[in-house]
Amino acid sequence: MSATADHAEERTNPAARLGFQPGQVVQEIGYDDDVDQELREAIEGAVEGELVDEDYEDVADAVVLWFRDDDGDLTDALVDATTYIEEGGAILLLTPKTGRSGYVEPSDISEAATTAGLTASKSVSVGKDWSGSRLATPKAAKSKR
């Protein structure tokens, strides 16, 4: 594939845009009937494997966390998610878009990420009903400098 094709895929494939790579182990937390199946399939395609669930007993390279406003405390969920990933791994926090049931305020995401010791990127649209924020653990944030 040419560099141009790679860039085109990053624009059209949200999983590629979010940095998922072949061979990564990605743990999914917060799965329910309302998740974006197309995004899940795109992530599985990008990592060339299935997402592992909350019962996975090893560390993952990344975590996909589906979170809705009524799912409890976001800071606690993020702190818990960091225990599942490799040092330097990332959490993809997926929340319902504005106006959707379970919407989470961006200020709440920012505050929870900071309290959990994570560095947040800006929110990106990852589907019809979901927005995503890529949150980096401190080691990942330092290595980007």
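Visitor: How much of the chain is buried?
Guide: Buried residues are 41% of the 145 residues in the chain. Keep in mind that this is a predicted model.

Visitor: And the surface? What share belongs to carbon and sulfur atoms?
Guide: Carbon and sulfur atoms hold 45% of the accessible surface. The total for the chain is about 8200 Å².

Visitor: Okay, the fold. How many helices and strands?
Guide: The chain has six helices and six strands.

Visitor: In what order do the elements run from the N terminus?
Guide: The order is α-α-β-α-β-α-β-α-β-β-β-α.

Visitor: What about contacts with a separation of 6 or more? What part comes from residues 24 or more positions apart?
Guide: Those residues account for 72% of such contacts.

Visitor: Switching to charge. Which residues form the negative surface patch?
Guide: The patch consists of D69, D70, E105, D108 and E111.

Visitor: Take D69. Where does it lie?
Guide: D69 is in the loop that joins strand 2 (60–66) to helix 4.

Visitor: Why is D69 classed as partly exposed?
Guide: Its relative accessible area is 48%. Partly exposed covers the range between the 20% limit for buried and the 50% limit for exposed, so D69 falls in that class.

Visitor: What does D69 touch beyond its sequence neighbours?
Guide: D69 touches G102, Y103 and V104, with residues up to four places away left out. For D69 and V104, the C-alpha atoms are 5.3 Å apart. Along the chain these two are 35 residues apart.

Visitor: New topic: Y84. Which loop holds it?
Guide: Y84 is in the loop between helix 4 (74–82) and strand 3.

Visitor: What is the relative accessible area of Y84?
Guide: The value for Y84 is 27%.

Visitor: Which residues is Y84 in contact with, leaving aside neighbours within four places in sequence?
Guide: Y84 contacts Q27, I29, D58, V59, A60 and V63.

Visitor: Pick V63. What separates the C-alpha atoms of Y84 and V63?
Guide: A distance of 7.4 Å separates them. Y84 and V63 are 21 residues apart along the chain.

Definitions and conventions:
Residues are numbered from 1 along each chain as its sequence is written. This is a predicted model: local features need pLDDT of at least 70, side-chain atom pairs count only at pLDDT 80 or more; totals for chains, interfaces and linings use all residues. Side-chain values use heavy atoms; hydrogens and water are left out. Patches are made of residues with over 30% relative accessible area and no salt bridge: like charges are joined within 9 Å, nonpolar side chains (Val, Leu, Ile, Met, Phe, Trp, Tyr) within 5 Å. Accessible areas come from the Shrake-Rupley method with a 1.4 Å probe; for residues, only the protein chains shown count as cover. A salt bridge is a side-chain nitrogen of Lys or Arg within 4 Å of a carboxyl oxygen of Asp or Glu. Lys and Arg count as positive and Asp and Glu as negative; His and the chain ends are not counted. The place of a charge is taken as NZ of Lys, CZ of Arg, CG of Asp or CD of Glu. Helices (H or I, at least four residues) and strands (E, at least two) are DSSP runs, numbered from the N terminus. Buried means under 20% relative accessible area, exposed over 50%, partly exposed in between (1.4 Å probe, protein chains only). Contact means heavy atoms within 4.5 Å.
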